[in-house]
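Subject: Structure handover

Hello,

Here is the structure I promised to pass on.

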Amino acid sequence: MNRHDYSRVDAKRRANISHNKKQFAKAEFQQQKYDYRLNYYDVPPTAEITLEEFETWAINRLKVLSELEACSFRNRSPEETAEYMTSILNKHLPLRSNSSRSQSLQEERKKDHYSHFILRLAFSSTEDLRRRFSRLETMLFRLRFKSDDLKERKDFVNTLNLEWEEVGDEEKAEFRKDLAAAGNIKKEDDQEWFKVDWERVPELVEQRRVFLKRGKAYVPQREQLSLVVAEYTKRLDEALELTSRAIPRLDEDDRLAPILAHLSQSFTAPDAAYTSSDASIDGLSTITAGAIDSLASNFPLCMQNLHSTLRANSHLKHYGRLQYTLFLKGIGLSLEECIIFWRRSFKLMTDDKFQKEYKYNIRHSYGDVGGDSNRRGRGYTPYSCQKILTEPLPGPGQMHGCPYRTFTQDNLITMLQRTGINDRDLLKTVKEDVTKQRYHVACNRVFEHAHKREIKKVKDDGTWGANDLDTIVHPNTYFKRSWLLKHLGDGNVGVVGGGTGPGDRMEE
Amino acid sequence: MPHSITPDSTPADDSSRTISQVDTIKSEPDTQTQDISMADAPSPAEADETKVNLEDLFDDEDSDQEFASSAPQFKSEEEASQPAPIKITSKSTFSDPDIMRAFYQRLFPFRYLFQWLNHSATPSNDFAHREFAFTLPNDAYLRYQSFPTADLLRKQCVQQIPSRFEIGPVYSTNPRDRKSLRKASTFRPLTKELVFDIDMTDYDDIRTCCTGASICHKCWAFITMAIKVIDVALRDDFGFKHILWVYSGRRGAHAWVCDKRAREMDDAKRRAVAGYLELLKGGDQGGKKVNVRRPLHPHLDRSLNILKEHFQTSILLEQDPWAEEKCEHLLNLLPDATLKAALQKKWDSSPSRPSASKWSDIDTLAKSALSTSKASKELLEAKQDIVLEYTYPRLDAEVSKKLNHLLKSPFVIHPGTGRVCVPIDPRKVEEFDPLGVPTVTQLLNEIDEWEGEEVKKGEKKMQDWEKTSLKPYVDFFRVFVAGLVKEEKKTGIKREREEGGDPMELF
Ligand SMILES: [Zn+2]
């Protein structure tokens, strides 16, 4: 049996980093006892596990994290996410409360504990992975915290030593109005407040949900979740930093390294990746700068918006330019043609200004200039819906982002009508989608409506399979699918599933 | 991990190094300027609007070439290199290399700049590991410059006469040595002032007096309002004390929050502050830009109180934002169809009514148009939102959110206007006149025209800047820096006692 001495790894890590981190001081080479369901993962595991356990547990947790990520990408509400995740968690990473009196409590908690640390090792290598891991682990922690038994949760929080200072009656009276306004509290009765350095609750500060006075944040009791979660994230981020600096030593272990590498790779492949096949569209001749105007009718709303803004103003602000340039690159516009496209589009600009201030960015996006890594990677990847949906909202004068998210409902409907979408029922449903923040559901709905006849046709004659029509999660996929559907039967158009039967080409 | 640093970088880590060790810095042949022009770093025109090319500047740390200081053989004392007076004629312009060189030699307050970034008089890593980025006259952009002392910074400025330079974060190791580190990951930004950038471009949709790069006293009011609102929030809410406001040289202002607590903030905390202060959301298609819940958060309530007055004068009277058919936008922001119809009718019949009258028409007509107290409350809130939309600071928030963002140094010359980026005293922000800020040519003339006593007995030799209208600004900066250094000394001693060691030791 492939028994692996996990503590060996740990010993190495401690040799590097433990001298200043008291979290490691408690580590003992034995089975740990888990008093609580929740875990801040301050203490690394120390007992031995098999190599098989090592891998299986990690994969189970990875499954959970991937599903969580999918939820956030689909803009599920916290309630929807909790519901959706219940069965997945039960299957892959069950974690019951003490009151369940289950026999396997300790086993479950051990698996939770170990799998967290294994993934920590696997995902600490790059900043990107660390950030993603930290975000998803935080989501998981939050989910579990909310569903925990109230009494056990309270006991757990008490063990954390979070050093919250209670706000006294005198201060409460002094700031009564401010506290109520900041905390959005209607009735002032019996509300308890904690006072902490504002840095402890950056989320609440960012959303202006706490009263601030001279560097202290006054946090209402009910925001305890935020505090506990923020502290969790903070400690995890610090630990990940330390791990990342200790990790080179781990590479020496030739049994763990391949597993860790494999784990991080399977995590790296995002669900909405741009594939270069999106750029190769049969039947679409080489795209020139001059063709963009006519192709724009096949663009998703986000890109149509950028295109029409560009045409209207002869200009686009930076983030809009970036989003649009990458999209154009993604549909197969060459660097040379792309430069021509922008040069002609910025009608009011002098050549000199264009050369100096804009050309570099375009070349950079294509990987024509920039550092080694930029060139090697051929510049930036075209943005996925996820990327576009999670960017900061556009400021005044800016046009980037997803219109389903950034436009007011009225402006969105006006814009959709301008692109020829007038079906009242559809617009109503789109409004509902947008209200529920299901932006990409709305976009897919509009796509299906606009291509209703073509989709029916390819389904009926079996030329496209279900895979060819699954949910669109990338603007470039939108374009490719739209173009192909609208050119069914155009001579040599190679339809995704093959087949070039005579088609009723739709007028656009 | 000290073992991962190559030997030739160690001198820079030693805060006690002296001038005599300067020659251990790698030097490059003089041909470097030719090379630099081919560097594929962003052109300075892009860098001017750092906000628009953030991603390009920071996504690839490797994209710019490294050019070590060419360590010119100047004498090390500032006073010793006093140049011959330069002739300024009516034809001289500020971009003239001689003018710029004279500016760096005679006027730029390197000493205080050093103390400001170093937080003490003894050279330390706070200064030595700080990134500077130079924009050279040939438009090349040099990142990752660093200097052990003020004097070496000055020398490179005099030699390369950058049209301006920017200041970035303090790194874990000397930025010039970042390539020689065995592991690139040990080269990390550690600290930097929390910075803010307010630029008039973000006001273009509501500014009526000027367009593009030009400004006048009317539209400068936008910046004045922004400084007032942000400054008080940073002090009263976040507890920051050392906030340096700097005129950007043309149509905006920067803030540098220098408190240690601010410098040590990670990106998440910077984002939190930026988010707290940010209010206007949505692009031009987003409709209403202010959507805040009631009751107003104390910060917004205070801001509204500050801004109300400015709204009456700076907006209604001076900008007259709803002249003629532009009142359409005002109508869009108001609730209640009856009221809107009544207003529309009134304004259609006299479109030339000034904005101030239109604003008061709202309340006048509301008396008969609105019957419920709920409707009146909605109107009041909509009016508050409008005041905020037209007056609340429009921050370029991206600049504030990143620890490793660079920002133009105080006291450099704005290449477009020739004006010095002077500090603004937030206590007298109303008095600040951007059009009265001295230009570099004007200052050099003032030195030549100065007729005072050069050296008084037993006193220190007079600095050139003291002979010019730059003096009050340098004096202000000096006092600001002294306050910061003093506080730093206090907390430094306290920390040492509490922790018994340098926390940076861990890395
Ligand atoms: Zn003006």
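In which helix of chain A is the place of A:Cys385? A:Cys385 sits in helix α19, residues 385–390. Before going on, please keep in mind that this is a predicted model.

**The annotated cysteines of chain A**

An unreviewed UniProt entry carries the annotation "binding site" for A:Cys302, A:Cys385, A:Cys402 and A:Cys443. These residues are spread over 142 residues of sequence, yet they cluster in space. The largest C-alpha distance is 10.1 Å.

Is A:Cys385 buried or exposed? A:Cys385 has a relative accessible area of 15%. The cut-off for buried is under 20%, so A:Cys385 counts as buried.

A:Cys402 is in a loop, the one between α19 and α20 of chain A. A:Cys402 is buried too, with a relative accessible area of 12%. Leaving out residues up to four places away in sequence, A:Cys402 touches A:Cys302, A:Ile388, A:Leu389 and A:Tyr439.

**Helix α21 of chain A**

This helix spans residues 409–418. A:Leu412, A:Ile413, A:Met415 and A:Leu416 are its buried residues. In general, an α-helix has 3.6 residues a turn, so residues three or four places apart point the same way.

On the other side of α21(A), A:Asp410 and A:Arg418 are exposed. What covers the buried residues? The cover includes α13 (301–313), α20 (403–406), α22 (424–435) and α23 (439–450) of chain A. Just after α21(A) comes A:Gly420, with a positive phi of about 95°.

**The zinc ion**

Now to chain B. Which residues are the protein donors of the zinc ion? They are B:Cys209, B:Cys210, B:Cys216 and B:Cys219, each through its SG atom. The donors lie 2.2 to 2.4 Å from the zinc ion. Their spacing in sequence is C-C-x5-C-x2-C.

The site is tetrahedral, with angles of 101 to 119° among the four donor atoms. For reference, the ideal angle for four tetrahedral donors is 109.5 degrees.

B:Cys209 is partly exposed, at a relative accessible area of 28%. B:Cys210 is buried, at 12%.

**Around helix α18 of chain B**

B:Thr439 is in the loop between β9 (423–424) and α18 (440–449) of chain B. Its relative accessibility is 16%, so B:Thr439 counts as buried. Apart from residues up to four places away in sequence, B:Thr439 touches B:Thr417, B:Gly418 and B:Arg419.

In α18(B), the buried residues are B:Val440, B:Thr441, B:Leu443, B:Leu444, B:Glu446 and B:Ile447. Part of what covers them is α5 (97–107) of chain B.

**Chain B as a whole**

Chain B has 507 residues, and 57% of them count as buried. How many helices and strands does chain B have? There are 19 helices and nine strands. Take the contacts in chain B between residues at least 6 apart in sequence: 71% join residues at least 24 apart. Chain B exposes about 21200 Å², and carbon and sulfur atoms supply 51% of that area.

Best wishes

Technical notes:
Residues are numbered from 1 along each chain as its sequence is written. Chains are lettered from A and ligands numbered from 1 in the order in which they are written. This is a predicted model: local features need pLDDT of at least 70, side-chain atom pairs count only at pLDDT 80 or more; totals for chains, interfaces and linings use all residues. Side-chain values use heavy atoms; hydrogens and water are left out. Donors are N, O and S atoms within 2.8 Å of the metal (3.2 Å for Na, K and Ca); water is not among the atoms, so sites may look incomplete. Four donors count as tetrahedral if all angles lie between 85 and 135 degrees; four count as square planar and six as octahedral if opposite donors are over 155 degrees apart and all others between 65 and 115; anything else is irregular. Buried means under 20% relative accessible area, exposed over 50%, partly exposed in between (1.4 Å probe, protein chains only). Helices (H or I, at least four residues) and strands (E, at least two) are DSSP runs, numbered from the N terminus. Contact means heavy atoms within 4.5 Å. UniProt positions are given in the numbering used here, feature names are shortened, and annotations may be inferred rather than shown by experiment. Accessible areas come from the Shrake-Rupley method with a 1.4 Å probe; for residues, only the protein chains shown count as cover.
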